[in-house]
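Here are a few notes to go with your first look at this one. Have the viewer open as you read.

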Amino acid sequence: MAKTIVVYGATMAGVAAAAKAAKNAPSATIHLIVPDPVDYNGNGCCLGAIGTVGGQNFFDIGWKDVLARTYYTNGSFKWWCGQMGQHYNVDAMSDLLKRDLTKAEYGGRIKIHYAYDITGIGWESSHITEVRLKRIFRDTDGTVKWDEKADTLTIAGDVFIDASESGRLTRMSNFGGTVGRYDWPASLLDSDERGSNGKARQQVATLMFKVKNFDRFKADDDELTAGDKDNNGVYSATGGTRAYKTNTKILNLYN
């Protein structure tokens, strides 16, 4: 019996899940839900979530050997990084993700639903049976809103995967797990993070800044690694480890 697999979230993890599902379950139909206010027809920068639509155009991955360009990361991420580089153009990356989902070998079995989000779920015997979706759009002031004129789209499925950044599907299903570092033992936490009233324990995030009038030729090579220049003449670079660990002003400001 053919299965229906529903993937919520067009993150790179979501795109990878949809592609691998199509490859490994050749009779299945896969629905990929894109909960970002992108073009309804999937034009422009639409797939990749924060890694494209959100503008974070940098693979923050671990290297086994920088000179040999070998990673600890494998699978789809290794493929995309190898194709686009650690710093990349978001439109080009989004196009690559779309090409990977529309390969002829998948026979059109991956259905992409652009600019939809979940309004509710169907539930039976402790498992999800369907998701109810509605169109979303970005208002002139930047607020993401429901398209109240659009009809609700209901997708029934056998397998549901939450690959989103928000965890919306997981939270709607009353999942009893934890997020961030809430399941870490106290011995691994800072003292002000311990206990029920401690500070939030979100996982460490990569911070990105756009800096003007920066002379990259005067930067310390040990502290900053320059990347490529994009079509707009903007260079990418990584670094900041030493400043984060040793600069007293930064330590006092952000810790």
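Which residues form a nonpolar patch on the surface?

1. The patch is made of Leu207, Phe209, Val211 and Phe214, with about 520 Å² of accessible area together. Patch members have over 30% relative accessible area and no salt bridge, and nonpolar side chains are joined within 5 Å. Phe209 sits in the loop between helix H4 (168-172) and strand S11 (224-229), and is exposed at 68% relative accessible area (buried is under 20%, exposed over 50%, partly exposed in between, 1.4 Å probe, protein chains only).

2. Before going further: this is a predicted model, where local features need pLDDT of at least 70 and side-chain atom pairs count only at pLDDT 80 or more, while totals for chains, interfaces and linings use all residues. Residues are numbered from 1 along each chain as its sequence is written, and side-chain values use heavy atoms, leaving out hydrogens and water.

3. Now look at helix H1 (residues 12-24). Among its buried residues are Met12, Gly14 and Val15. Their cover includes strand S1 (4-8), helix H2 (75-84) and strand S5 (110-114).

4. His113 belongs to strand S5 and is buried, with a relative accessible area of 14%. Beyond its neighbours within four places in sequence, His113 is in contact (heavy atoms within 4.5 Å) with residues including His31, Ile33 and Leu153.

5. Back in helix H2, Phe77 and Trp80 lie three residues apart, about one turn of the helix. Phe77 is partly exposed at 30%, whereas Trp80 is buried at 2%.

Definitions and conventions: Helices (H or I, at least four residues) and strands (E, at least two) are DSSP runs, numbered from the N terminus. Patches are made of residues with over 30% relative accessible area and no salt bridge: like charges are joined within 9 Å, nonpolar side chains (Val, Leu, Ile, Met, Phe, Trp, Tyr) within 5 Å. Accessible areas come from the Shrake-Rupley method with a 1.4 Å probe; for residues, only the protein chains shown count as cover. A salt bridge is a side-chain nitrogen of Lys or Arg within 4 Å of a carboxyl oxygen of Asp or Glu.
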